[in-house]
Amino acid sequence: MAEHAGRRCCLGWDFSTQQVKVVAVDAELNVFYEDSVHFDRDLLEFGTQGGVHVHEDGLTVTSPVLMWVQALDIILEKMKASGFDFSQVLALSGAGQQHGSVYWKAGASQVLASLSPDLLLHEQLQPSRTLLRVPPSGISPWDVMPPGDAGKACFSISDCPVWMDSSTTAQCRQLEATVGGAQALSCLTGSRAYERFTGNQIAKLYQQNPEAYSHTERISLVSSFAASLFLGSHSPIDYSDGSGMNLLRIQDKVWSQACLGACAPHLEEKLGLPVPSCSVVGAISSYFVQRYGFPPGCKVVAFTGDNPASLAGMRLEEGDIAVSLGTSDTLFLWLQEPTPTLEGHIFCNPVDPQHYMALLCFKNGSLMREKIRDELASSSWSEFSKALQSTEMGNCGNLGFYFDVMEITPEIIGRHRFSAENHECLRRRFWPPEEHLTTETSCRDGELTAHSFPGSQLFTAHVASRFYLTLK
């Protein structure tokens with residue numbers, strides 16, 4: 001208990017796809033406390049896989065908003081029980097999975113401003129009746145909360161779209177057509193229209209459920225949603241995370257009126273004004289002061305997206321390139337001047353608002369790696385590594401590409417395996433033909449697949465990055 005007492009610090013929060021995590025950092029930048037809540041493991045009642053609900057169409061992917069809130073409650077209660085001294089927290093900030101959006105229902109701001117310290121957050125933000133959760137094969141995520149739940153229900157929709165969603169192709173084409181094509185949109189907002197980008201998700205909500213949209217007083221990104229919980233009021237969207245919406249003019253850092261109008265009416269007032277990523281957006285809510293003992297002067301710094309936060313946290317400078325392997329895999333770098341193209345993204349730089357960052361994102365990241373590991377190596381990385389090491393470099397010329405969800409770059413889905421003779425193997429096994437398999441050759445096939453998988457991910461990133469950086 002003494003370890004956490006009397007140590008002035010800042011808290012960093014991460015609202016990612018699969019977990020909520022916190023770290024406490026002292027004045028010498030030493031991490032002296034960390035904890036996390038893993039959604040699939042610790043919040044089983046929400047029924048997520050990999051932190052999300054994948055719907056029957058295979059394209060719609062959502063997460064329950066209250067799951068994120070409840071994860072925050074759990075961590076804070078664990079910190080309190082451990083004797084963590086919240087009175088020493090000078091400031092906090094954090095990151096959220098990019099592109100995901102939260103729809104605050106009319107009246108939510110009053111609820112946030114009048115939270116009772118006697119209750120947990122999720123108890124006050126959920127409907128007064130039992131929340132209707134949305135299973136993977138269940139009803140549409142765009143269903144509105146029941147009318148009788150207007151009391152404490154703070155969200156227009158209970159399951160919100162996240163970055164893995166690929167269901168808005170029609171809205172993407174509409175947006176590009178409105179502004180003069182994909183390249184014109186890229187020059188304006190830093191990216192052509194992408195299905196996961198928030199503007200297109202908002203357009204889908206407005207078109208499919210105008211009632212839910214009309215009942216929404218504020219639309220947050222996951223990052224600004226998390227900051228709002230700590231503020232006790234709606235936090236603004238920051239420039240860098242706002243660049244991943246197909247709505248922000250990245251040159252002058254204001255919302256594009258053409259893009260707003262193409263997505264939904266009255267959208268600007270529901271988004272609020274964007275702010276620089278390093279902005280202090282306010283002091284912590286009195287709820288956290290009274291329940292946990294935070295000092296009233298604890299500053300809340302704008303939360304940003306997880307990818308911009310990675311650039312800031314790794315202290316990249318111009319000319320540096322970083323690769324991040326997570327639920328999604330990303331390659332990013334610091335730029336002085338943007339040159340938007342039809343592939344990849346340009347975001348406002350989270351550290352220097354006069355500069356930019358370029359990013360390539362690959363959707364089939366750690367979840368795909370874990371799935372192959374589970375299939376081939378009994379869920380053991382050790383066994384997977386043995387299979388990898390027992391195969392010669394180059395994998396005898398065999399190569400595989402593994403995209404169980406629609407990939408971003410390249411835009412493709414499925415598992416595609418090729419032999420050394422450049423023939424696509426339609427069967428699961430590379431070699432030898434299935435009718436000649438023995439126990440020994442079946443094991444050998446697992447080794448070949450194990451070796452082809454990481455190689456294919458690196459190859460995909462390498463080819464895409466060379467093409468992208470050539471265009472830069």
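Student: What share of the contacts in the chain with a separation of 6 or more comes from residues 24 or more positions apart?

Tutor: This is a predicted model, in which local features need pLDDT of at least 70 and side-chain atom pairs count only at pLDDT 80 or more, while totals for chains, interfaces and linings use all residues. Residues are numbered from 1 along each chain as its sequence is written, and side-chain values use heavy atoms, with hydrogens and water left out. A contact means heavy atoms within 4.5 Å, and among the contacts with a separation of 6 or more, the share from residues 24 or more positions apart is 67%.

Student: Is C263 buried or exposed?

Tutor: Buried means under 20% relative accessible area, exposed means over 50%, and partly exposed lies in between, with a 1.4 Å probe and protein chains only. The relative accessible area of C263 is 4%, so this cysteine is buried.

Student: How are the rings of Y194 and F197 arranged?

Tutor: Rings of Phe, Tyr and Trp (its six-membered ring) pair if their centres lie within 6.5 Å, and planes under 30 degrees apart count as stacked, over 60 as edge-to-face and the rest as tilted. By this rule there are 19 aromatic pairs. In the pair of Y194 and F197 the centres are 5.5 Å apart and the planes stand at 35°, so the arrangement is tilted.

Student: And which arrangement do the rings of F401 and F418 have?

Tutor: F401 is in strand 19 (residues 399-403) and F418 in strand 20 (residues 414-418), so that the pair, 17 residues apart, links distant parts of the chain; strands are DSSP runs (E, at least two residues), numbered from the N terminus. Because the ring centres are 6.4 Å apart and the planes meet at 75°, the pair is edge-to-face.

Student: Which residue lies over the face of Y194?

Tutor: A charge sits over a ring if NZ of Lys or CZ of Arg is within 6 Å of the ring centre and within 35 degrees of the ring normal. At 5.2 Å from the ring centre of Y194, the residue over its face is R196.

Methods: Helix = DSSP H or I, 4+ residues; strand = E, 2+ residues; numbered from the N terminus.
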